[in-house]
Amino acid sequence: MLDDVLEDYPKELGLREGLKCLVRPLESTDEQALHRFFLAVPEGERLFIKHRVIEPEVIAAWCQHIDLGHHLPLLGLAADGEVLAAATLHQQLGGWKRHIGRVSVLVHPNFRGRGLARGLIAETIDIARRIGLQQLEAEFIGEQETAMKMFALLGFQPLLRLPDYVKDMQAHRHDYVLMGLDLETDEEYAGMG
């Protein structure tokens, strides 16, 4: 099913203020552009990212070991190939959470407020439905109120909040927030049509 979905990419995404970007899955040739993208994220925000994304070897490993079945990174690219945003659909292909995907998104600071995050998450939701996932989750640090509001506008609901449960990259504690979205899987997506 995933191969059929991936045939739709690359595709153009129209955004606010006349901005357009090309959306496609991560490719091995994106290593330098993806690293520059993460370097542009303010240090205070990078504290909340689970991986040490400013280390070139982390990005190199992602680009050299692409497994779109487990981790499907969708990039929003400018005409010159620079990464404007990235959204990833994470899934387990077996086990008790095989029907649940996890979504994350990050937008370059210079391109926020133009609908990139919303557009990429909408693409990710569509992909999740088409490959048969039944639920999506999104994880947040308690201070990420703007991101949680954007996910709520797309139908995600709060599932739980655990006070002082996670630590950022400087070992400071923060609330952990989990939001979820039930995907309505119609007959076409379920392969029954």
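Me: In this predicted model, which residue of β8 is the bridge partner of R161?

Reply: Two strands pair if DSSP finds at least two bridges between them, strands being DSSP runs (E, at least two residues) and helices runs of H or I (at least four), numbered from the N terminus. Here the partner of R161 in β8 is V177, and seven bridges join β7 (residues 157-167) to β8 (residues 173-182), the two running antiparallel. Five residues lie between them in the hairpin, where A171 in the turn has a positive phi of about 70°. Residues are numbered from 1 along each chain as its sequence is written. Local features need pLDDT of at least 70 and side-chain atom pairs count only at pLDDT 80 or more, while totals for chains, interfaces and linings use all residues, and side-chain values use heavy atoms, with hydrogens and water left out.

Me: With which residues is I121 in contact, leaving aside neighbours within four places in sequence?

Reply: Contact means heavy atoms within 4.5 Å, and by that criterion I121 touches A87, V103, S104, V105, M150, F151, L154 and F156.

Me: How confident is the predictor, as mean pLDDT of the protein chain?

Reply: pLDDT is the predictor's confidence in each residue, from 0 to 100; the chain's mean is 91, and 95% of its residues reach 70 or more. Over residues 186-193, however, the pLDDT is below 50. Where pLDDT is low, the predicted coordinates should not be read in detail.
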